[in-house]
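Dear colleague,

I am passing on to you the structure we spoke about, with the sequence alongside it. Please have it open while you read the notes that follow.

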Amino acid sequence: MSSAAVKRLLSALTIEEKVRLTHGATDTDGTSTGFVPGVERLDIPNVRLSDGPLGVRTDEPATAFPASIALAASFDADLAREFGAALGREATARTQDVLLGPGLNLVRVPHCGRNFEYFSEDPVVTGQFAAGVVEGIESEDVIATPKHFAANNQETARASVSAEVDERVLRELYLPGFRDAVEAGAGAAMSAYNRVNGTFMSEHEHLLSEVLKDEWGFEGVVMSDWFGTESVVGTANGGLDLQMPGISAEELFESMGMPADEIDPGGFDYADGMPDPRTGGLFREKLADAVEAGDVPASRLDDMVERYLTQLERHGLLGESGGGRADDEGGADRGEGAIDTPEHRELAERIAVRGTVLLENDGVLPLADDADVAVIGPNVDEAILGGGGSSETTPFTDTSPVEGIEARADGDVSVARGIPRIEDVSLFDGFGGDDEAEDEESADASVDDAVAAAEDADAAVVFVRDQATEAADRETLALPGEQDELVDAVAAANDRTVVVLDTSGPVETPWREDVAAVLAGWYPGQAHGDAAASVLYGDSDPGGRLPVTFAPEGEYPANTERRFPGVDGEVHYEEGLLVGYRHFDATDAEPTYPFGHGRSYAEFAYRDAVAVDDATVEVTVENTGERPGREVVQAYVDAPEAPDDLERPPRELAGFAALSLDPGESRRVAVALDERAFGRYDESDGWTVDSGEHVVSVGRSSRDLRLGVSIDR
Ligand code: BGC
């Protein structure tokens, strides 16, 4: 429902002015990712939009937070809220009004180049983190833009591929996160590049208009992904409200000071990972004519503009005290935001620590303060900030693993790269990533030096990484370069070898039996070194749990070409509901590290589980170990058989709760259960709970279930 003020504006705007509010334009100062000019005579402000999920991306620095998958590994949705609010303050400080995030596509295939920008293979985890980040951003009066709606689960051919997926699977796996983001108050949503069941998402009337807007009650703006529109009439009538960037690629690059004739396309194949940038100006050029010709109803144009103005008003951008953040006048009462504050630096480190998952530990960790440590790895001298693409953020400051460990260690620290640097890959380099380093010092690295350092040390810590970027999928889950060989050599030289995985998602760990401990630190952002040292030395318990299953490459469900990356322009979601741990549980396949897994420096015992009501279980957790620790209690629902042999995954995560306990301390914890884990989506009846016994298992991971209770429904 729009206000009287919005209604007044709507009747005062000319058709030409209305059309101007349905697409982006050239940014007058070239700082942001997107720009929508205002209408000066009616005090409608200029609006600036910026990427993205890991930090605010303008032409100036910002806090580089850990990857979204690291945030999700914390299993702490309050942290997501705190993070979102910090992003909102940084956006305000950079005079941005809209943040292009969170990214929340489900991790369907472990290879997806953007998994680090997403949360999980599970819809409940995804939904809780999406909602938390959205609430945080919006609490600072910045518009959040959950993306990419929907089924953008791979980068290969993302601009054209059709996800062939049935309605039940969409509803149970791929849509819930978006619904949660909408219910958390997102003012915008970004349509995905890909098609779903043959129709481009930018013109998908069923999903944009019927589901997102009519059924879920979304009152915000659906914007396109950049150059992600194909038509005028189909797009407008399908339910898209704002075409971005609204200009041609040439105009966009020129505005960023990069003359079009100097742009090297960098080997982009527009039919593959990148959209065709020639379609940028469709609404600008043709929407008015389409309305005049009656092909797009005038009421649809009004709806687009009304949605846009309603969100501006809701976020304090309209009216007397309004004004876009970048406008000279107005906007003063929204404050100046905050950027690179001690609180934001601390938060970036806390998320990295909380998201670090201890996969294995034979007792080598935590390291003794006075241990002599060899710090090894091709990239030990740099913080791993993220993957390539639109989420890249430039921090004010960062700490590398070497810096973090040197600052913390009381013993001797020796450093050896071992093998040449593994380069970042980025769509901005035309995928020019190269396994081999260019710089001389790096090229001279030798495994022998690493072995010598490891032999002389009490413990060796090897940092390894993968390469991932938007617009391309990982070709393999094996670590790039000679990193596996490096780990083998170091492990042979020192039986107290710890491996830290700084990766976008699951990777192969062929040497895991030969090392003493393995940590997943994901892409930890600017606080890389400090966070790693804090966990390695036991200043913090590694609080993370796996939001994705780690398994050998061939064991994942999307294991045929039809399923991934697809054939003849279609990718068939034939695994249906059996994505991630649902597949491993249904087939008894053995994951390397199961979903939800993560060890602690403490030990935990569970007792006295009860169902308090239909939607809550309570359990007592005791720290029976000798160190303080952080436990994540997980609850999974096993539903009764559905009629007509309809498939149900064996177990579905319904909720989780994190708590910190001192040695000997015990506490009762309540876990709220998501109703959707009990139900299934029926195409005619909608969400349906089958009557009968629902077994709720409570435990430490999808494969370490400690207690069970029954809920009859
Ligand atoms: C990405 C979006 C991003 C947009 C603007 C696209 O390539 O898919 O996630 O927000 O660019 O940078």
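In this predicted model, a polar side-chain atom of Tyr193 sits 3.1 Å from an oxygen atom of the ligand, and a polar side-chain atom of Lys147 is placed 2.9 Å from an oxygen atom of the ligand. For Arg158, an N or O atom of the side chain is 3.2 Å from a ligand oxygen atom. The ligand on its own would expose 310 Å², of which the protein buries 94%. There are 14 residues around the ligand, and those that come nearest are Asp51, Arg114, His148, Asp225 and Glu470.

Turning to the strands, you will find an open sheet of 4 strands in the order 8-7-5-16, in which the pairing is mixed. Strand 8 (199–200) and strand 16 (570–572) form the edges, and each has a single partner strand, so one side of each has no neighbour in the sheet. The pairing of strand 7 (residues 195–196) with strand 8 is antiparallel and runs over 2 bridges, with Arg195 standing opposite Phe200 of strand 8.

Leaving aside residues up to four places away in sequence, Leu309 touches Val6, Leu9, Leu13, Leu21, Ile44 and Leu318.

Definitions and conventions
Residues numbered from 1 in each chain as written. Predicted model: local features only at pLDDT ≥ 70, side-chain atom pairs only at ≥ 80, totals over all residues. Heavy atoms only, no water. Contact = heavy atoms within 4.5 Å. Pairing = 2+ DSSP bridges. Near = heavy atom within 4 Å. Polar contact = N/O pair within 3.5 Å; in protein donor to acceptor, adjacent residues only side chain to side chain. Areas by Shrake-Rupley, 256 points an atom, 1.4 Å probe, with all protein chains shown as cover.
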